[in-house]
Amino acid sequence: MIHLIRHVEERNTEATLDMTTGSPYSLMLQFAMPVFLSQVFQQLYNTADALIVGRYLGTNALAAVTSSGNLIFLMTSFFIGLAAGGGVVISRYFGAKDEARVSRSIHTLMAAGIVCGLLLTVIGVIFTPTFLLWMRTDPEVMPEAVSYFRYYFLGALPLVLYNVCCGIMNALGDSKRSLYYLIFSSITNVFLDLLFIGAFHGGVWAAAVATVISQAASVVLCMIHLMKKGTIYTVELKKIRFHKEILLEIIRYGFPSGIQNSVIAIANVIVQVQINSFGPLAMAGYGIHCKIEGFAFLPITSFNMAATTFISQNLGAGKYDRAKKGARFSILAAMLTAEVIGALYYIFAPLFVGFFDSAAGVIQYGVTQARIVSLFYFLLAFSHSVAAVCRGAGKAFVPMIVMLSVWCVLRISYIIIVMRLFREIRYVFWAYPLTWSISSVIYLLYYLFSDWVHGFDA
C-alpha cells in the first residue's frame, strides 16, 4: 500500500517542477530549454506560412501575411497578458504549497480564457476591414489581408485557450509539454499549408485556416493532459467558473501585463502604418525582418518565462535571496544569447531576407532595417528581462508604465516628427534602438535601487 501511494504521488507531480529547491541555474535552464525549442518551432511554422505563401501566391500575398503580425499581436496581446497574470498567481500559490488556491486559480483562468476568446472572435471578424484601413494597408494588398485576418480570427478561441493552457503548465514548472504540443502543431501547420495552398491551390485565406486547425489540435492535446485525474492541476469542466478573489488577483497582475503588451502592439501598428505608406515592397521587407527578428527574440522569451515562474514560486515561498540570484542569471543569459544572434543577423542579413523573397527592393528594405537594429538586441533583451522579473515579483505596473511612456508615447512621437521632417524609412527603423536604450536605463535604475522582491507583500 505504501508503495502504491508513493507511485501515485510521483505520477501526480511528474509534470510539475518545484523551483524553490535545487540549483537555480540548472532549474532555469531546465525550464528555459523546452521553452526555447517551443519558440523555435513556433517561429518555424510562422516562417513556413510566409515561405509557402511567398513561393506560391506572390509578393502581395506575402505582404498580406507578413504584415499581419503587428495587428494580430495588437488584437491578442491584452488577453495573452491577462493569461500571464494568471500564471503568476498560479506560480505564487504553487510555491507556497497552497493546492486549493492553485486549483481555483486554474479554473478561474480557464473561464477567463473562454470569455476572452469568444470576445476576440467577434471583434476580429467584424472589425478587420476597419483596422486595416486605419493601418493604411496598400489597396493592392487589402483584399488578401482582409481574407487572411478574418479566417485567422475565426480561430481566436483556440488561440487564447492554447496560451492559457501553456500558461498553466509553465506556471507549474512544466515547459516540456508545451514543446511536445507545439512540435505537433508546427508539423500539422506546415503539412496543411502545403496541402491547402500547394496541392489545392487555395488563396491566402488557406494559410490562416491551416494555422487555426493546428492551433485547435494543440488545445485538444493540452486539455487531455490537464484533465488527468488526481493531479494538482486537474481541470474539471464543471469547476470552470470565476472565483472573485482569484479573478481580482489575476486582474491585478495580468491587467498591467495586458496593457503593456497592448502598448507595444499599438506602437508597432503605428510603425506598420508608416511602413505601409512606402508600398508593398517595404511591407514585405519589413514583414520578413519581423519574422527573422522573431528568432532573435527566442532566448529573451525563454529566459523571461523561466525568470517569471522561478521568481513567482520563490517569492511565494519567501526565498528572496534565491529570487534575486535567479533574476541576475536570467538577465545576463538573455542579453548574451540575444546579442550573439544579433551579430549573426547583421552579417548574414542579405542571405536571410533573400531566402523569403528574391525581389531586390524587398531585400533592400529588409537588410536596411536589420543592420540598423540587430546590434542593439542586448538592450531589447535587458528591457524585457527586467520586465519579466517585475511581473514575477507582482510588480507588473512598473513595466506597464515604462512601456507606455517610452515604447509607445516616445516612440510614436519620434516617428511622427522624423517622418514629417525627413520622410525616409531608415529613420522609422531607428525608433527601435532609441527607445530600447532609454527603457534599459530606466529599468537598470529600478532593478538596482527598488525593493522589487517584496512585490507580493505590498
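Is Asn314 buried or exposed? Good morning. Before I answer, a word on the model. The structure is predicted, with local features requiring pLDDT of at least 70 and side-chain atom pairs counting only at pLDDT 80 or more, whereas totals for chains, interfaces and linings use all residues. Residues are numbered from 1 along each chain as its sequence is written, and side-chain values use heavy atoms, with hydrogens and water left out.

Let me return to the opening question. Asn314 has 0% relative accessibility and therefore counts as buried. Buried means under 20% relative accessible area, exposed means over 50%, and partly exposed lies in between, with a 1.4 Å probe and protein chains only. Asn314 belongs to helix 12, residues 298-316. Helices here are DSSP runs of H or I with at least four residues, numbered from the N terminus. Apart from neighbours within four places in sequence, Asn314 is in contact (heavy atoms within 4.5 Å) with Met19, Thr20, Lys319, Arg322 and Ala323.

Cys116 lies in helix 5, residues 99-134. In sequence, Cys116 and Leu157 are 41 residues apart, and their C-alpha atoms are 7.7 Å apart in space. Setting aside neighbours within four places in sequence, Cys116 is in contact with Phe79, Leu82 and Val160.

I turn now to the nonpolar core. In soluble globular proteins, nonpolar side chains tend to be buried together. By nonpolar core I mean a set of buried Ala, Val, Leu, Ile, Met, Phe, Trp, Tyr and Cys residues joined through side-chain atoms within 4.5 Å. In this model the largest such core has 144 residues, and those with the most contacts inside it are Ile168, Ile311 and Trp452. Which residues does Ile168 contact, leaving aside its neighbours within four places in sequence? They are Ile90, Ile106, Leu109, Met110 and Leu226.

Next, helix packing. The axes of helix 6 (residues 142-153) and helix 9 (residues 205-226) come within 8 Å and cross at roughly 15°. Axes are lines fitted to C-alpha atoms, for helices over the stretch in contact, and angles run from 0 to 180 degrees between N-to-C directions. Helix 6 and helix 9 are therefore roughly parallel to each other. Angles under 35 degrees count as roughly parallel, over 145 as roughly antiparallel, 65 to 115 as roughly perpendicular, and the rest as oblique. On the helix 6 side, the residues that meet helix 9 are Ser147, Tyr148, Tyr151 and Tyr152. By class, this contact of helix 6 with helix 9 has 8 nonpolar, 2 polar and no charged residues. Here Ala, Val, Leu, Ile, Met, Phe, Trp, Tyr, Cys and Pro count as nonpolar, Asp, Glu, Lys and Arg as charged, and the others, Gly among them, as polar.

For a second pair, helix 11 (residues 280-296) and helix 14 (residues 360-373) pack at an angle of about 45°, with their axes 7 Å apart. That makes helix 11 oblique to helix 14. The residues of this contact of helix 11 with helix 14 divide into 9 nonpolar, 5 polar and 1 charged.

Finally, two loop residues. His201 is not a glycine, yet has a positive phi of about 60°. His201 sits in the loop between helix 8 (176-199) and helix 9, and is exposed, with a relative accessible area of 65%. Arg423 likewise has a positive phi, near 55°. Its place is in the loop between helix 16 (397-421) and helix 17 (425-429), and Arg423 is partly exposed at 43% relative accessible area. Thank you.
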